[in-house]
Amino acid sequence: MIRNGSDRLTKYESLTDQAAQMGLTVREKPLAGSDGRIYKNRIAIRKGMTDPEKVCVLAEEIGHHKTSTGDILDQEDESNRKQEYRARLWAYNHIIGLIGIIQAYEAGCKDRYEMADYFGVSEKYLKECLDCYKNKYGIYKIVDNYILYFYPYLRVVKIID
């Protein structure tokens with residue numbers, strides 16, 4: 001098991017371990033046309049990406065393993081688009097999630113750059129996740145004693161009784 005110099009696994013290493021526990025094999029390969037692919041119990045990740053990019057792709061491919069069936073490459077098909085959405089939502093919830101956003105806020109993250117770093121993902125992926133949550137929940141979502149505002153920008157407000 002490769003470590004990141006300290007005694008902690010990187011987010012990507014942690015995800016590859018989770019994939020292995022699910023019976024999935026993850027390999028980095030020179031893919032053309034996509035950043036990741038899953039076929040049966042094998043996941044291919046495009047070689048040369050940054051760790052945050054690999055985290056985003058691997059999480060989605062694991063999401064496909066958990067939520068999708070069959071070949072969904074044809075995104076003209078509505079059923080395939082729905083499966084793609086489910087896989088992405090699974091990945092967003094697994095890597096970030098509403099509770100994760102609150103934890104990042106409590107950890108002192110002040111902007112999207114710091115939050116993306118906190119989660120080990122790219123800023124683009126975090127923005128896509130927040131856009132997805134805005135489309136799913138609307139302008140805000142109440143979680144425990146917090147209000148998560150998704151519009152006009154992400155804001156976390158702790159409710160004090």
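**Reading a pocket and salt bridges**

Student: Which element gives the largest share of the lining of the second largest pocket?

Tutor: Helix α6 does, with four residues, where a pocket is an open set of points on a 1 Å grid over the protein atoms alone, at which a 1.4 Å probe fits, with protein on both sides within 12 Å along at least five of seven lines, and lining residues have an atom within 4 Å of a point. Helices (H or I, at least four residues) and strands (E, at least two) are DSSP runs, numbered from the N terminus. The model is predicted, so local features need pLDDT of at least 70 and side-chain atom pairs 80 or more, while totals for chains, interfaces and linings use all residues. Residues are numbered from 1 along each chain as its sequence is written, and side-chain values use heavy atoms, without hydrogens and water.

Student: Is K54 buried or exposed?

Tutor: K54 is buried (under 20% relative accessible area; exposed is over 50%, partly exposed in between, with a 1.4 Å probe and protein chains only), its value being 9%, whereas E28, at 31%, is partly exposed.

Student: What does R46 pair with?

Tutor: R46 forms a salt bridge with D35, the closest N and O atoms being 2.8 Å apart. Because R46 lies in strand β3 (residues 42–46) and D35 in the loop between β1 and β2 (36–39), the pair ties together parts eleven residues apart in sequence.

Conventions:
Salt bridge = Lys/Arg side-chain N within 4 Å of Asp/Glu carboxyl O.
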